Amino acid sequence: MDALQWLREGDAVTVAVALVLLAMSVASWVAILWKAAVLWRAHAGVVRGVAAFWQSGSPDEAQAAVAAFDRERLALGLVEAARAQQAAGGATLAGAGDAGAQYTRVLRGALQAAAGRLQAGQVLLATVGATAPFVGLLGTVWGIHHALGGIAQAGQITIERVAGPVGEALVMTAAGLAVALPAVLAYNVFGRVVARAEALLDGFAHDLRELFAHRA
């Protein structure tokens with residue numbers, strides 16, 4: 001039995017499970033391909049941007065150097081936040097108090113925004129990896145129930161009548177695993193890349209705080 005015939009002979013629950021698994025697979029692969037490209041650019045941009053910052057001779061030159069490499073605006077967001085705080089001075093409450101506390105506050109906000117961009121898509125991959133096997137198992141259990149009901153109505157039980165429908169129902173479990181495995185692997189790999197990028201940004205934020213607070 002091919003896939004189209006199997007779907008035609010299945011009931012609404014079988015078709016719904018198959019469509020849900022298909023949607024989860026498409027969504028996870030779109031997220032995987034998009035996130036792989038984003039993280040490759042982000043990690044390379046942060047490494048090169050931070051190196052270019054410290055090789056610059058002035059804050060303006062440093063900001064332009066970071067912008068040239070950091071296409072995802074992760075390290076650049078930290079630089080812009082620190083320079084905006086420097087320009088604000090004491091005109092507002094943001095410029096009141098100890099200089100170190102001022103830069104800690106603005107850089108913390110910039111770090112949280114950068115972490116949010118790095119973590120985008122991780123929840124989707126984790127959700128697909130955790131739920132797809134159970135969706136496939138639901139399709140298998142329902143398919144076996146449906147197959148055994150048809151065999152009982154036929155009134156004659158043979159190994160051929162049992163093996164075929166039950167084997168087709170078990171395909172749903174395999175489909176659920178096939179959807180979940182790439183999502184889980186990508187989630188783990190991307191998690192390590194995100195952690196490295198966040199560590200680089202955290203160290204850069206600390207260095208920026210020391211630099212701008214000392215200049216203040």
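Colleague: In which helix is the place of Gln102?

Modeller: Quick caveat first: this is a predicted model with residues numbered from 1 along each chain as its sequence is written, where local features need pLDDT of at least 70, side-chain atom pairs count only at pLDDT 80 or more, and totals for chains, interfaces and linings use all residues. Side-chain values use heavy atoms, with hydrogens and water left out. Helices are DSSP runs of H or I with at least four residues, strands are E runs of at least two, and the numbering starts from the N terminus. On that basis, Gln102 sits in helix H5.

Colleague: Does Gln102 count as buried or exposed?

Modeller: The cut-offs are under 20% relative accessible area for buried, over 50% for exposed, and partly exposed in between, with a 1.4 Å probe and protein chains only. Gln102 comes in at 8% relative accessibility, so the label is buried.

Colleague: Which side chain makes a polar contact with the side chain of Gln102?

Modeller: A polar contact needs a pair of N or O atoms within 3.5 Å; within protein, one must be able to donate a hydrogen and the other to accept it, and residues adjacent in sequence count only if both atoms are side-chain atoms. At 2.9 Å, the partner for Gln102 is the side chain of Gln85.

Colleague: Which residue forms a salt bridge with Glu210?

Modeller: Side chains of opposite charge can pair when their charged atoms come close. A salt bridge here is a side-chain nitrogen of Lys or Arg within 4 Å of a carboxyl oxygen of Asp or Glu. Glu210 is partly exposed at 38% relative accessibility, and with closest N and O atoms 2.7 Å apart, its partner is Arg209.

Colleague: How many residues apart are Arg41 and Glu72, the pair that links distant parts of the chain?

Modeller: Four salt bridges are found in the structure. One of them joins Arg41 to Glu72, with the closest N and O atoms 2.9 Å apart. Arg41 is in helix H2, while Glu72 is in the loop between helix H3 (59-69) and helix H4 (75-88), and the separation is 31 residues.

Colleague: What is the N to O distance where the side chains of Asp60 and Arg83 meet in a salt bridge?

Modeller: Asp60 counts as exposed, at 53% relative accessibility, whereas Arg83 is partly exposed with a relative accessible area of 21%. Their side chains meet with an N to O distance of 2.6 Å.

Colleague: Why do the rings of Phe53 and Phe204 count as a pair, and of what kind?

Modeller: Rings of Phe, Tyr and Trp (its six-membered ring) pair if their centres lie within 6.5 Å; planes under 30 degrees apart are stacked, over 60 edge-to-face, and the rest tilted. The structure has three aromatic pairs. For Phe53 and Phe204, the centres are 5.3 Å apart and the planes at 85°, so the kind is edge-to-face.

Colleague: Which residues do ring pairs link into a cluster?

Modeller: Phe53 in helix H2 and Phe204 in helix H7 (residues 159-215) are 151 residues apart in sequence, so their pair ties those parts together. The rings of Trp54 and Phe204 also form an edge-to-face pair, because their centres are 6.2 Å apart and their planes at 85°. Phe204 is buried at 2% relative accessibility, while Trp54 is partly exposed at 42%. Put together, the cluster is Phe53, Trp54 and Phe204.

Colleague: Which residues make the nonpolar surface patch of about 380 Å²?

Modeller: Patches take residues with over 30% relative accessible area and no salt bridge, joining like charges within 9 Å and nonpolar side chains (Val, Leu, Ile, Met, Phe, Trp, Tyr) within 5 Å. Leu19, in helix H2 (residues 12-54), counts as exposed at 52% relative accessibility. The patch is made by Leu19, Leu22, Val26 and Val30.

Colleague: Last one: how many helices and strands does the secondary structure come to?

Modeller: From the N terminus on, the elements run α-α-α-α-α-α-α. The tally is seven helices and zero strands.

Methods: Areas by Shrake-Rupley, 256 points an atom, 1.4 Å probe, with all protein chains shown as cover.
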